[in-house]
Amino acid sequence: RAWSQWGVVALMRQDYGTADELLHQALEIDANDVEARYHLALLAVARGDRQVALDRFASVVALDPDFV
C-alpha cells in the first residue's frame with residue numbers, strides 16, 4: 001500500500017516516470033491492488049494514452065465493480 005501512496009504523490013506532482021515505477025512496484029507486491037490500477041489509469045489519461053487508460057479502468061472495474 002505504501003508504494004501505491006507514493007505513486008499517487010508522484011502523480012499529483014506530475015512526475016509521471018516516478019509515478020509509473022512506484023505504481024507498478026505496488027502491483028508487483030499485490031497484483032490486485034485496485035488503487036494502484038486506478039492511478040495507473042489516471043496516469044495514462046495524463047499522458048494522453050486513451051486506449052491504455054480504458055484498459056486500465058476496465059481492469060479496476062473487473063477487480064472491484066464498486067471502486068469507481
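**Helices, loops and a surface patch**

Author: Gln14 is in the loop between H1 and H2. This is a predicted model, in which local features need pLDDT of at least 70 and side-chain atom pairs count only at pLDDT 80 or more, while totals for chains, interfaces and linings use all residues. Residues are numbered from 1 along each chain as its sequence is written, and side-chain values use heavy atoms, with hydrogens and water left out. Helices (H or I, at least four residues) and strands (E, at least two) are DSSP runs, numbered from the N terminus.

Reader: Is Gln14 buried or exposed?

Author: Buried means under 20% relative accessible area, exposed over 50%, and partly exposed in between (1.4 Å probe, protein chains only). The relative accessibility of Gln14 is 59%. Gln14 therefore counts as exposed.

Reader: What is phi of Gln14 near?

Author: Gln14 is a residue other than glycine, and its phi is positive. The value is near 60 degrees.

Reader: Which way do H1 and H2 run relative to each other, roughly parallel or roughly antiparallel?

Author: Axes are lines fitted to C-alpha atoms, for helices over the stretch in contact, and angles run from 0 to 180 degrees between N-to-C directions. Angles under 35 degrees count as roughly parallel, over 145 as roughly antiparallel, 65 to 115 as roughly perpendicular and the rest as oblique. Helix H1 (residues 2–12) packs against H2 at an angle of about 165 degrees, with the axes 8 Å apart. H1 and H2 are therefore roughly antiparallel.

Reader: How are H2 and H3 placed, roughly parallel or roughly antiparallel?

Author: Helix H2 covers residues 16–29 and helix H3 covers residues 34–46. Their axes lie 9 Å apart, and the packing angle is about 155 degrees. H2 and H3 are therefore roughly antiparallel.

Reader: And H1 with H3, roughly parallel or roughly antiparallel?

Author: H1 and H3 pack with their axes 10 Å apart, at an angle of about 20 degrees. That makes H1 and H3 roughly parallel.

Reader: What is the hand of the crossing of H1 and H3?

Author: A crossing is left-handed if the near helix is turned anticlockwise from the far one by less than a right angle, and right-handed if clockwise. For H1 and H3, the crossing is left-handed.

Reader: Is Asp33 buried or exposed?

Author: Asp33 lies in the loop between H2 and H3. Its C-alpha atom is 9.4 Å from that of Leu23, which is 10 residues away along the chain. Because its relative accessible area is 10%, Asp33 is buried.

Reader: Where is Leu40, and is this residue buried or exposed?

Author: Leu40 is in helix H3. The C-alpha atoms of Leu40 and Gly7 are separated by 8.9 Å, though 33 residues apart along the chain. With a relative accessibility of 3%, Leu40 counts as buried.

Reader: Which residues make the nonpolar surface patch?

Author: Accessible areas come from the Shrake-Rupley method with a 1.4 Å probe, and for residues only the protein chains shown count as cover. Phe67, in the segment after helix H4 (50–63), is partly exposed at 34% relative accessible area. The patch, of about 250 Å², is made by Val61, Phe67 and Val68.

Notes: Patch = residues over 30% accessible without salt bridge, like charges linked within 9 Å, V, L, I, M, F, W, Y side chains within 5 Å. Salt bridge = Lys/Arg side-chain N within 4 Å of Asp/Glu carboxyl O.
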